[in-house]
Structure formats: structure tokens, C-alpha cells
Amino acid sequence: MDQFAVKVFVRLRPSVLDPAGEATKSASIKLGAEGIKSLRIGKMIEVKIEGNGEKEVREKIDLLCDRLFANTVIEDYEYSLEKL
Amino acid sequence: MDNFTVGVVVFPGSNCDRDVSWALEGCLDIRTKYLWHESSDLSDVDAIVLPGGFSYGDYLRCGAIARFSPLINALDEFVKSGKRVLGICNGFQILTESGFLPGALVANKNLNFICDDVELDIVSSKGGWFNNVDEKQTIKLPIAHGEGRYHCDSDTLKKLVDNELIALRYKNNPNGSSFDIAGITNEKGNVLGLMPHPERACDEIIGGTDGLFTLKSLILK
């Protein structure tokens, strides 16, 4: 069995308003940071997972992302995968 | 309806389960039974309420974890059989996460947790959830949520409108919901999800009775 470290990024779809991102953008500007054009908040999920090769692990992660980690009505996801 | 029993689902973090039960039993004389979320035996209930609260602490997304409970897995057959399911607030979020209703509920536009009474237009009589107020067309119910902004894509919205699936719309949209949507039904009409709390409007002494009919309609066939 191979072990992989997976980092999943879940983001609100561009069409979905992100009020938390807007509030953080506003605070960033108050802090004095200049030039911020856009700020959106997502989630990062770290998973360590075992499987027989990368293909099998990707299938498992796809299922997890599609059914649990992200709600694809409002969110997109992508992930990176590193063999340990 | 002597033996008619409404199952009130209890998740870890539900906090309106007892309110729903009190409103049904105390105000409407309808028998209730609490259903722990790990139960998948729905054989002795005739309708189900998914109450408000913060199931599983709203971890990941509101309703996202509750969706995988044995009870929600068993709900598919219950809904297909035509029995009635009412999802209130967190219950509405669970119904969208689990695909019984389209769309999703996301953080309020102004980021506030809004606790208020709101005026609502009754848009559709599908399922008979609001039938008795046809002559009135507007009701007032309490809302209490941080993540109640209904969101769906334009194709879904068109489908909701074309098929008369929008049950309630806010008169003064408090949270930024698409098309002012406060509640929707499935196509058959036996599943209703709404952000406002009908169980908190069942007695004049606590500010109104506009929620009574919706709870009472759980016993409709």
C-alpha cells in the first residue's frame, strides 16, 4: 500500500457572493494594505490516505470531494497529491 | 387523526426539536415521537420534521455531516412513498445538502445572525402547506439564522419558478437570498424546506399563530 498526502482546496464558485471575503478585504484595506483587487475565503483540507497506487487514491479523493468536502452547487474544488 | 404520529428528528446540536414537539402536541394535539439520527426505522411515523439548530456544530457546512446519518439515508424511501417531510432552518439546509431540495444555503449577505420577524408572501400552494391563508397571501414568521441566503443557478431558479416550487418569498429580503426565496418544495409537494420557524408562531401569547397551519398540514395525505 502507498501512502499519500493530499491537500484539498475548496472555494466558493466565482458566481457566489463571499461576504466573509468582502469583510476581510475591507479590514485589509483598513490595515493599510494597498492594491487589493479581490479577496475570497476558501477551505483547505489535509488528508493522509493509503491506497494501491495514485489512480485508486484519486478515485477515493474525487468521491470525498464531490460528495462531502465540497457542495458543488456553490463550491469548486481542486487538490494536490504527494506520495509519502 | 388518532394515531397519526410526527417524527421529530434529533441530531447532536438540534435545538428546536422540543419547540416543534411542543407546538404539535400542545397547540395542535398531534402526537410526536423523537427520532434519534442514528435510527433508520421510520415505520411508526407518518410524517417527519427536521428541526432547526446546529446539527454537528455546522461543521464543514450547515447540514453537510447530518446528511450522512442513517436516518437521512432512510428518508429517501419515506419521501418516495409520498409521506410529508418538513425541514425548518437547519432542517432546510440538510434537505438541500442531501439533494431532496435543489440549491444551497450560504452565509447571510450582511454576515449578521438575523433574529427577527419577517413578512412572507405565499407564492405557491403546492403540497397544501399554506392553503388556508389563500385569502391573506402574506404571513409573519420568525427567522433566526446566520446562513440562510438561498442560492441556486439560473437554470434551477427557472425550474423552481416554472414548476411553482417556490413556497415563500421574503417581502423585505433580509439575507440576500436569490429571488427573495424563503422556502421551496420538491416537485411532488410532499417535502417543504423553509428558513422561517413556523413552530415559533403557534400561539398568540408568543407573538402570532401564522405557523400553525404549516405544522397542521403535516397530517395531510
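**Exercise 1.** In this predicted model, B:Val49 lies in strand β3 (residues 47-50) of chain B. Work out whether B:Val49 is buried or exposed.

*Solution.* Start with the cut-off: a residue is buried if 20 or more other C-beta atoms lie within 10 Å of its own, and exposed if 12 or fewer do. Next, take the count for B:Val49, which has 28 C-beta neighbours inside 10 Å. B:Val49 therefore counts as buried.

Now look at who the neighbours are. Leaving out residues up to four places away in sequence, B:Val49 touches B:Val6, B:Val8, B:Val9, B:Val20, B:Leu86, B:Ile88 and B:Gly91.

**Exercise 2.** Find the order of the strands in the open sheet of chain A, and explain why β2 and β3 stand at the edges.

*Solution.* First, read the order of the 3 strands, β2-β1-β3, with antiparallel pairing. Then count partners: β2 (43-51) and β3 (75-83) of chain A each have a single partner strand, so one side of each has no neighbour in the sheet. Neighbouring strands are turned by 25° against each other on average, direction ignored.

Now zoom in on one pair. Strand β1 (residues 2-12) of chain A is joined to β3(A) by 9 bridges. For an example, pick A:Lys7, whose bridge partner in β3(A) is A:Ser80.

**Exercise 3.** Describe the side of chain A that touches chain B.

*Solution.* Begin with the contact itself, which takes 9 residues from chain A and 13 residues from chain B. On chain A's side, helix α1 (residues 19-31) gives the largest share, 3 residues. Last, sort that side by type: 8 nonpolar, 1 polar and no charged residues.

Methods:
Residues are numbered from 1 along each chain as its sequence is written. Chains are lettered from A and ligands numbered from 1 in the order in which they are written. This is a predicted model: local features need pLDDT of at least 70, side-chain atom pairs count only at pLDDT 80 or more; totals for chains, interfaces and linings use all residues. Two strands pair if DSSP finds at least two bridges between them. Helices (H or I, at least four residues) and strands (E, at least two) are DSSP runs, numbered from the N terminus. Axes are lines fitted to C-alpha atoms, for helices over the stretch in contact, and angles run from 0 to 180 degrees between N-to-C directions. Two residues are in contact if their C-beta atoms, placed from the backbone, lie within 7 Å. Ala, Val, Leu, Ile, Met, Phe, Trp, Tyr, Cys and Pro count as nonpolar, Asp, Glu, Lys and Arg as charged, and the others, Gly among them, as polar.
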